[in-house]
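I opened this entry to record what I looked up, going from the contact between the chains to each chain in turn.

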Amino acid sequence: MDYVKLFELIVSSALINNFVFTMFLGLCIFFGVSKKMETAVGMSITFLMVMVVSAALSWVIYEFIMIPLDLTFLKIIIFIGIVAAFVQSADTIMKKVSPALYYKLGVYLALITTNCIIIAVPLHNAGEKYNFLESIAFALGSGIGFGLALVIMASIREKLEVADVPAPFRGLPISFIIAGLISLAFTGFSGLITL
Amino acid sequence: MSLHKKSSWELIKNGMFGENTIFRMAISLCPSIAVTNGMKNGVALGISVMFVQTMVNFTVSLLRNFIHPKIRIPIFMLIIAGYVTIIDLLMATYARPIYKEIGLYIQIIVAFASIFARAEVFANKNKVWPSVCDGFGMGVGFLMAMVVISFFRELLGRGELFGYSLISGNPLLIMVLPAGGFLAVGLLMGFFNWVDMKFYGGKGASGV
């Protein structure tokens, strides 16, 4: 097993090809929950877990059911089905098993189904023909990257609350411009690793 | 629900201006930046979304009395995914060069908050024709936003429109870079807020 390659995959998907700043996925949630640090952290953790599990599930189903049956053209429908079913069941199980955890993270779970990253990861894994461990590494890296983006953004936006922003730019517009600047900074990571 | 009393034109207009997905509601933002580095890509995705949005609203509204409320979310997802697959396969066959660039984002339409939201909020409660108008209006609004953003980005970033060179000299390379997308959307949003506040006495400040 080539562990170096897996590590490279994690780093590159977290930093170089960061989903938020270079591929622009998951922006709705990125701007939606980055107002407070606490929610940003909660979202990142939930997101990372859902992402890894759904990538693993999708890989198994893609490899052992869809390819043998020649059903790959249905991948959009099937992947979104897997994610939605998994999120729904995680929601139900969590409510029953650990109400304390559900109270903390349940809100974010409901939001996750409409996040583009969650469907982009299995599609990307299938497109690149990753094996099982590579798929998980990619999901892990993307999850870490998304968490990193959320935490950076939240820490800036908390400071922004007290800043004097021109009225038309208050709220979302200024957040977009900040995201643009962070994205410019992330461009600096390109070339760090060449896969 | 007073929405269904509006005329068809009012419904379409609402989607185009009043509740414009990108500049007003601030949802479905991902593609507004990802594919707007050129007019061609922006228009292609805009039209795809328009088609999916209209057809999903049509189908959901047609089936609204048969869908049990408890399982409506997975059903909506399936309907959306079905139409996205149609567009995906059509694009892959007939528009190969564009598909290579924006294929991933076409597939991502399935997770668009705006399409899902309209199905849930509007089509699920209204008759077929108003729903189609509403979906069409939302789609046109989305297309317009895509056109505006990609117009500025391609013109400033490459000095071109639809690939035809218009301005000579050094373009602002940053506008076609990922960072430029965020900046363009941020500035345009701020501009529309400013217009709204200055001339229409609105509160500005969209969503979130």
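**Contact between the chains**

I began with the two chains together, and counted 36 residues of chain A in contact with 41 residues of chain B. I note here that the model is a predicted one.

I then asked which elements give two or more residues to the side of chain A that touches chain B. I found α2 (27-32), α4 (75-97), α6 (116-128) and α8 (172-186) of chain A. From α8(A) comes the largest share of that side, nine residues.

I sorted the residues on this side of chain A by class and got 26 nonpolar, nine polar and one charged.

**Chain A**

I looked up the elements of chain A next: it has eight helices and zero strands. From the N terminus on, I read them as α-α-α-α-α-α-α-α.

How does the radius of gyration of chain A stand against the globule rule? I have 18 Å for chain A, close to the 16 Å that the rule gives for 195 residues, so I put chain A down as being as compact as a globular protein of that length. I also noted the span of its C-alpha trace along the principal axes, about 60 × 45 × 30 Å.

For burial, I wrote down that 45% of the 195 residues in chain A are buried. I took the contacts in chain A between residues at least 6 apart in sequence, and 79% of them join residues at least 24 apart.

**Chain B**

I did the count of elements for chain B and found nine helices and two strands. Along the sequence I read the pattern α-α-α-α-α-α-α-α-β-β-α.

In chain B, buried residues make up 50% of the 208 residues. Of the contacts in chain B with a separation of 6 or more, I have 74% between residues 24 or more positions apart.

**One helix pair in chain B**

I picked helix α4 (residues 39-63) of chain B and helix α5 (residues 72-94) of chain B, whose axes lie 10 Å apart at an angle of about 140 degrees.

I listed the residues that make the contact. From α4(B) they are B:Ser48, B:Phe51, B:Val52, B:Met55, B:Val56, B:Thr59 and B:Val60. From α5(B) they are B:Phe76, B:Ile79, B:Ile80, B:Tyr83, B:Val84 and B:Ile87.

Notes. Residues numbered from 1 in each chain as written. Chains lettered and ligands numbered in written order. Predicted model: local features only at pLDDT ≥ 70, side-chain atom pairs only at ≥ 80, totals over all residues. Axes fitted to C-alpha atoms, helices over the stretch in contact; angles between N-to-C directions. Helix = DSSP H or I, 4+ residues; strand = E, 2+ residues; numbered from the N terminus. Contact = placed C-beta atoms within 7 Å. Nonpolar A, V, L, I, M, F, W, Y, C, P; charged D, E, K, R; others polar. Buried ≥ 20, exposed ≤ 12 C-beta atoms within 10 Å, placed from the backbone. Rg over C-alpha atoms; globule rule 2.2 N^0.38 Å.
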